[in-house]
Amino acid sequence: MALEQFSDVVQRCQTIQDENFSPVDFDLFQSAGKTCIEQGDGAQVLSIIIDDKNTNIVRCMGWNLLEPLVKVLLKKEDKNRPHCHAIFTHIIEVCSSKELVVGLLEQVEEAESDAIAEVIILLLRPLQTVLLKLGKKKSSSVGMALSTVLGQVAQLPVPLSKEQEEDDVFGLCRCCTALLDFIRPFVEEVKENIKHSRSVSRDDELKGEILKFCMKSLSEPLLEVQLKDPDTLEQSPLRDFATEILVILSSIGEPLPNLLCHNMLRKREVPGFLEEEVRYPKESLACLAHLLFVKHIAMDIFPAVLSPIFLLQCNMEYVELLLSRTEESWLQKGLELYEKSLVRVEDCSLPVDLLDLKPFFSVPQNLVKVMTLCPVQTVRTKGLSVFQLSIDKFTTEAKYKLFRCLLKTSEHAGVEGYIIKNIKNQIDLSLGPGNENEWFLGKHLLPLLHQVLRLPQGPETDLLHNLDRIMESLNLLRYLLIRDKEWENETGIWSELHKIEDSFLKPLRMGLNMSKAHYEAELKNAKENKKSSGTESKAAACTVTVENERLPNMTPEMQLQVLQSALFTFDLIESVLARIEEIAEAKGRV
Amino acid sequence: SCSVSRKNSNNNSCSFPVLSYLGIDVLVKKEGTGTELPMTGDKVFVHYVGTLLDGTQFDSSRDRGEKFSFELGKGQVIKAWDIGVATMRVGEICQLFCKPMYAYGAAGSPPKIPPNATLVFQVELFEFHGEDITEDEDGGIIRRIVTKGEGYTKPNEGASVEVHVEGNYEGCVFDDRDLKFEVGDGDSLDLPPGVEKALQAMEQGEEALFTIKPKYGFGNAGHAKFNIPPGATLQYKIKLTAFEKAKESWEMNTSEKLEQSVIVKEKGTQYFKDGKYKQAAVQYKRIVSWLEHESSLQGEEEEKAKALRLAAHLNLSMCYLKLQEPNPALENCDKALELDANNEKALFRRGEALFVMKEFDRAKDDFQNVIQLYPANKAAKSQVLLCQKHIKEQHEKDKRLYANMFQKFAERDAKVSASMCFLCSIVKCD
């Protein structure tokens, strides 16, 4: 039935002059043809399609059969397939390129989510053939094709482990490889244009589309991908894809160092200059930096003459971007990029002026957030190690400024404690022969010490909450009193001791006594409650709040444990405090 | 600073001091044809091949097919290059022997360069030119640095700077002063816009020569006091002795922004009283840029910010009216009305702006709105009458115009039908 309809409409159209086919003709051709193909009459349709008498008809209407053809071609074992393949090939050859591009891209867009990879791999080659026929006008069509295909590829799940990459269940690797084959002739064309005109014009549209594609790929999927090293995975299509993207950029007149340092060398200080940000999105450049310096992709075409501090400056913006997000993959990449940039720089070489630049100022603060708030423990640990590495690279003056700034802004007792430990190390270094400086000795040290050796909320400071900071401050003070002899007083601590007593030691002693008394009373209560109500006690006699959050009601045993450990902590603080008071007293200063 | 040992191929020393143990040796293989040496900050273009001491090649710009370019003397490249390339002339080919301390030191440069590597570069210098510091890269301001500055920051708009300025036209010095001022004020000190742009590209302590095209100089007006004709390209030697940056928006917290906004508002008002509307506008715009996107303000701070923004927009609209720029005046009135829908000044000034733009109907609407809300406003009443007069005149004009048009059409139609008749009569005759 459908076959008759199909051959009828074709015969009727043979008589129509000047290709004045009506919409009805188009519709019938499409619906009848579709049904025939679906029914398995591929052979008959083929014979009609390739008949010379029908050339014009096929040229005008053939592309409407793409949908049913693609469906058949996707099914590997279908005896209809060879005929459909022949029809498909013929249509690609004779139909108008513009309509074919639209038709093919429609198929890509509408692919079912579990068939995306198959459709793309099937259609990229014919798409390429059609686009090449468009001649000089192909740029916008190429652009449209690239963005449609890449949009679909971006939906494919990214393989995480080496095994997943090898298995490539969802086809991302195969699509990336196919994309490289697809884009090759267009890249060659741009290279030819460059050779002939001796320079690249910004207005070269085809180059613009390829640039857009490369930038988009760098952000999706490459930013999410975790590339494996050659020792882990010898053959990696994803690594090849990343390498080729960078090589393409370099060959179309976008040298990698220019891209990397793009933001730095811009004259405009005004942030958010739209055109440039759209053309060179920061996320893509961040991925580029990571590929170069962490994965060493395409490093053989990257000049080996740039200075390490300059590279660090270029990369800081990308580190800032990557560390400002919460996705684990971004944070991991940000930390790796920061680390790899820092190790190239000599210890104690980053000058204090760098801290005037926004990224140098905000990255340490981002790091603090990562170290304290990120739920993934490996990321927090790495964050801490990169944090210390960054501190080590700054000059003494810069360390001083950084410490003072972070003590003010980090608002986390653990971080503050860590910084205070660093301060102690710096003072220790400065007291060594030949290391004198005016930052951790001399006139700048005292304001720093006063900033460190104090209780943030006086005697009401929550000692448990601020334990890390308090312990490190006490350790620092104890260290100073022992190391710096009273008669030398190199650090000036001895002349300041009475001030520190007032602002730190006395309130601490008072707070400690209050806390101990309070917890001891609670402990006594809890023990009595437990004794009187036996082992079937229900409601908690006391509630415990940690950081404004009430803990769920605990069993009496747990209560006892918590209270006990609080008391142990107070004992700990007290022992150091007592030692300090002892040393101070021994010098007759209390 | 470091001295460089330079030898030509015959191993004879050239004009630079010989201290080769310092770590950079320059062996000249082919003398250059140029006479000048590149200056700090110049963009230089080279080809190079880099090898390790054992001859292994690790990098080559020739293999990439593209010259390598960088800004000389700014720490963008390893120290050996900044120092060595500065001794080269155009057309010269030389070999740079770089000890690790002037190359990549103990860290090396993974993956290509191992730790503590001495590097050998064969470098050919093709060209160099002064740095174009204009935003659009139109060649309007070219810099040659005489003395490099220090630090990583540069003055921004509003920064206070201490400078020495020497202006030169065709060999004659027309301006030679020590100045202390805020970037943005240059106009009132007879400094062309190019000088202020130049300052924003300089580092502390830098001294540089700037070639400024008329677009960024005194333009087509020239400058009578200095005897500068129209369309003059100027040379300025500027030394930036010291500066203090004006705080950027992100550097300030909310209370600092509010504080600074109050200060800047007073500055703007002072400029306005002195008739310096452009400078006044610059100040008020700063308030807008600082406070525009401050979110999560509460209570007293929110009230203060709103009041400052309203004042800024109102004052900006007045500045633009004085500068005869009705479009931005209108925009600012609209913004003011977003904050305070019935604001008397905003409505009135919007009316004024629309009047200048000859939108008399809309202007009249605004003025009538003012009268309704603020009946005591006499100025609005007279403006309404003025608008009505103009509207009437406009109608008259339109009527005459259309009348003329119809007359013309009628005449033309008559002519056409006349000629048609004539033709017909010809055809008819036989």
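**Chain A and the aromatic pairs of the model**

In chain A, 74% of the contacts with a separation of 6 or more are between residues 24 or more positions apart, a contact being heavy atoms within 4.5 Å. The structure is a predicted model, in which local features need pLDDT of at least 70 and side-chain atom pairs count only at pLDDT 80 or more, while totals for chains, interfaces and linings use all residues. Residues are numbered from 1 along each chain as its sequence is written, chains are lettered from A and ligands numbered from 1 in the order in which they are written, and side-chain values use heavy atoms, with hydrogens and water left out.

Chain A contains 27 helices and two strands; helices (H or I, at least four residues) and strands (E, at least two) are DSSP runs, numbered from the N terminus. Its radius of gyration is 36 Å, whereas a compact globule of 590 residues would have a value near 25 Å; the radius is taken over C-alpha atoms, and the globule rule is 2.2 Å times the number of residues to the power 0.38. The C-alpha trace of chain A spans about 120 × 75 × 40 Å along its principal axes. Of the 590 residues of chain A, 50% are buried, where buried means under 20% relative accessible area, exposed over 50%, and partly exposed in between (1.4 Å probe, protein chains only).

The aromatic side chains come next. Rings of Phe, Tyr and Trp (its six-membered ring) pair if their centres lie within 6.5 Å; planes under 30 degrees apart count as stacked, over 60 as edge-to-face and the rest as tilted. Over all chains, this rule gives 22 aromatic pairs. One of them is the edge-to-face pair of Tyr519(A) and Phe570(A), at 5.4 Å centre to centre and 70° between the planes. This pair links distant parts of the chain, since Tyr519(A) lies in helix H26 (residues 493–533) and Phe570(A) in helix H27 (residues 556–586), 51 residues apart. Phe570(A) is buried, with a relative accessible area of 1%.

In chain B, Tyr48(B) and Phe121(B) form an edge-to-face pair, 6.0 Å centre to centre with 65° between the planes. Tyr48(B) belongs to strand S3 (residues 43–52) and Phe121(B) to strand S7 (residues 119–129), 73 residues apart. Tyr48(B) is buried at a relative accessible area of 0%, and Phe121(B) is buried at 0%. Ring pairs join Tyr48(B) and Phe121(B) with Phe58(B), Phe68(B), Phe70(B) and Trp81(B) in a cluster.
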